[in-house]
Amino acid sequence: MAETKSRSRHFPAALARLGAFALAGGLALACGQGAQQQAALKPTPTGEGASVSALMQQRHLSDADVTAALETYMPTGKHDDYYLFASGGHSGQVVVIGLPSMRILKYIAVFTPEPWQGYGFDDETKKVLAEGDRAGHHLTWGDTHHPALSETNGDYDGQYLFINDKANARFAVISLKDFATKQIVVDPLIMSNHGNTFVTPNTEYVIEGSQYPAPLGGKYAPIEDFNDKYRGAVTFWKFDREKGRIIPEESWAIELPPYMQDLADAGKLDSDGWAFLNSFDTERAYGGNLEGRPPLESGASQNDMDYLHIINWKKAEEVVKAGKTTTIAGMRVIPLQTAADEGVLTFVGEPKSPHGVDVTPDGKELVVSGKLDTHATVYSFDKIKSLIEKKQFEGKDPYGVPILPFKDTIRGQVELGLGPLHTQYDDKGFAYTSLFIESKVAKWSLQDLKVVDKIPVHYNVGHIVAAEGDTEHPKGHWLVSMNKWAIDRFAGVGPLLPQNFQLIDISGDKMKLIYDLPIPLGEPHYAQIVSADKIHPEDTYTPTGIDPVTGEQPAFPSEGGKERIERQADGVHVYMTAVRSHLTPDTIRVKEGDVVHFHITNVEQAKDATHGFAIDAYNVNLSLEPGKHSDVTFVADRPGVFPFYCTEFCSALHLEMAGYLIVEPKGAPSAKAESEHHHEAD
Ligand code: CUA
């Protein structure tokens, strides 16, 4: 660098430039003169005017590398074609990523407090988190697995996103107006979920299938009573699109045998009104490796077949309406025997330790992959339906659920490779299945059941997601492989490595791997990719001062010109506004032990004019987006002087956007009487 500087000082700019390029083998000549050129002076051809081939040589890039770069590069100010909503695994969040650039756009806090969004810090979102309390415990994390975008007629409509918490049998409703969590729903029946969240084609229901069997309703039973007292369940949660909320009172569930139910999918078109759940552990093993029983993993892998659960949910609705339910923990449940007798629940074998079940875009077929089988099995819904109608069963399981003859339900099987998991679809009749053990993605023809291409991924792929690849109209174009291990893909960061999202171009005959994105957040699972033109977020909260969670007027509104401090029976209420670059009021006097209620509105109208609100020592940090109202309540139990300030760099005088919370010690003579202070504020 020093050499460059001296060169530019002693030679005319153009000459120096030529010299620099000649030294480094540059081919292109820059034109133009002046200050800009001075700034661009470098001894290597990486500046403007450098040729692509020189850059390629210098950075050891192949033609394929450069093509990949051009496919993903998004010039400044340009927007991506797609949004990818990925589960943030056990961070309890959702990651929003732009495609094809793979730029991270947002983390949405869901089950875990997150200070940037003020999530779990203001009273409004504390309430949302508290909705998710379970068994009397306040939970501050979740294990998110499967996000689902709301659908209209089997296609994404861009309105809502749902995401589950496997660990605590919960899920959340996120509005895509502000990309924020509005509701957390706890399932009172089950202790963990996995087949969640999956929506029916018009988002009538959000499907939640359990994973690890337990006595329903959170009850106790000895584990030796596993077969008799432990159960699975699938809950159909009624969604009210207008209110943007799940209505528990209109929801219902079906009792299932104590197999470990796995992923779910809703039927569409021909198979609308039906839902499908995988299961493993039809052996009903429950571990006990220090008690003389086999460990769960081998105990659960004895049988060649487990059961695909076929659920007629339209029929189930009628059964619920007819009152043939029992109520457990406040939830209406169709008992297992009733479900079997009424044709609500039917089984068919599925090989072996199945994981993914994915309905084809036309709704006519289901693809199931078994982790310990090298095939994907393609079931015909027509065949399934007609066998059920004719009651052509080959037997019943120990709980009386009828079983269809496997061979008569399938169209065929396709040999894919080792450890097939999940399948997605494109717009040209191809299916894509992740192969965990091989660390590959297989592309195969749905028509001929033949593999046409395979691509290595790095490493241990779990879910894959294609653009709108689980809807009636997949877009093709892009697929993202969500790999569990990164190993050598990125610079070392200690023993805990990020996961690796790999972008694959699926628009041609051969798949092309073009980008690696490290995800340093949690163990992500599934994702959804939606065309960006379906997403219409709002820029500000309107009208100014509304409660962002309920969308209604807050109980304690605060507006410009009406800022004040009031002592009431339940403590001191501070009605505050935030606008560049001041918080009003900025001097707040309370007494030790007072309950302090802040009611703050950001009265800004301008896009992106967000303010923060942090108070020293009281664990307060709010995010006040334009128009947003937030409340925060705490006991001023520690006397002292506590600066508060804006945590977003909002303006030139951002540092001055501050004030003092003065907590007078008990018994101390007031420097300024409280009443006088009121009059000042008025
Ligand atoms: Cu407001 Cu910084």
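Which residues have the most contacts inside the largest nonpolar core? I will come back to that after some background.

What we have here is a predicted model, in which local features need pLDDT of at least 70 and side-chain atom pairs count only at pLDDT 80 or more, while totals for chains, interfaces and linings use all residues. Residues are numbered from 1 along each chain as its sequence is written, and side-chain values use heavy atoms, with hydrogens and water left out.

Let me begin with the whole protein. It has 13 helices and 42 strands, where helices (H or I, at least four residues) and strands (E, at least two) are DSSP runs numbered from the N terminus. Taken along the principal axes, the box filled by the C-alpha atoms is roughly 85 × 80 × 50 Å. Of the 682 residues, 56% are buried, and by buried I mean under 20% relative accessible area, with exposed meaning over 50% and partly exposed in between, using a 1.4 Å probe and protein chains only. The accessible surface comes to about 28900 Å², and carbon and sulfur atoms account for 54% of it; such areas come from the Shrake-Rupley method with a 1.4 Å probe, and for residues only the protein chains shown count as cover.

If we take contacts between residues at least 6 apart in sequence, 60% of them join residues at least 24 apart, contact meaning heavy atoms within 4.5 Å.

Now back to the opening question. The largest nonpolar core has 31 residues, and those with the most contacts inside it are Ile207, Val234, Phe236, Trp252, Ile254, Ile311 and Leu345. The giver of the most residues to this core is helix α9, residues 313–321, with four. As general background, nonpolar side chains in soluble globular proteins tend to be buried together. If we leave aside neighbours within four places in sequence, the contacts of Phe236 include Tyr205, Ile207, Trp252, Ile254, Ile311 and Trp313.

Next, please find strand β24, residues 420–425, which holds His422. Is His422 buried or exposed? His422 is buried, at 3% relative accessibility, and beyond its neighbours within four places in sequence it is in contact with residues including His355, Asp358, Tyr432, His463 and Ile464. Ile464 itself is found in strand β28 and is buried as well, with 0% relative accessibility. Between Ile464 and Gln424 there are 40 residues of separation in sequence, with 7.1 Å from C-alpha to C-alpha, and Gln424 is one of the residues in contact with Ile464. By way of contrast, His422 and Ile662 are 240 residues apart in sequence and 58 Å apart in space, again C-alpha to C-alpha.

Lys364 sits in the loop between β18 (354–359) and β19 (365–370), and it is partly exposed, with a relative accessible area of 42%. Its contacts, sequence neighbours within four places aside, are Asp270, Tyr379, Ser380, Phe381 and Asp382.

Finally, some backbone details. The peptide bond from Leu99 to Pro100 is cis, with omega near 10°, and Pro100 lies in the loop between β2 (93–99) and β3 (103–109). Another cis peptide bond joins Asn196 and Thr197, with omega about 5°, and Thr197 belongs to strand β8, residues 193–199. Ala169, although not a glycine, has a positive phi of about 50°; this residue is in the loop between β5 (155–165) and β6 (170–175), and it is buried at 0% relative accessibility. Asn460, also not a glycine, has a positive phi of about 55°, and its place is the loop between β27 (450–456) and β28 (461–467).

Note on methods. A nonpolar core is a set of buried Ala, Val, Leu, Ile, Met, Phe, Trp, Tyr and Cys residues joined through side-chain atoms within 4.5 Å.
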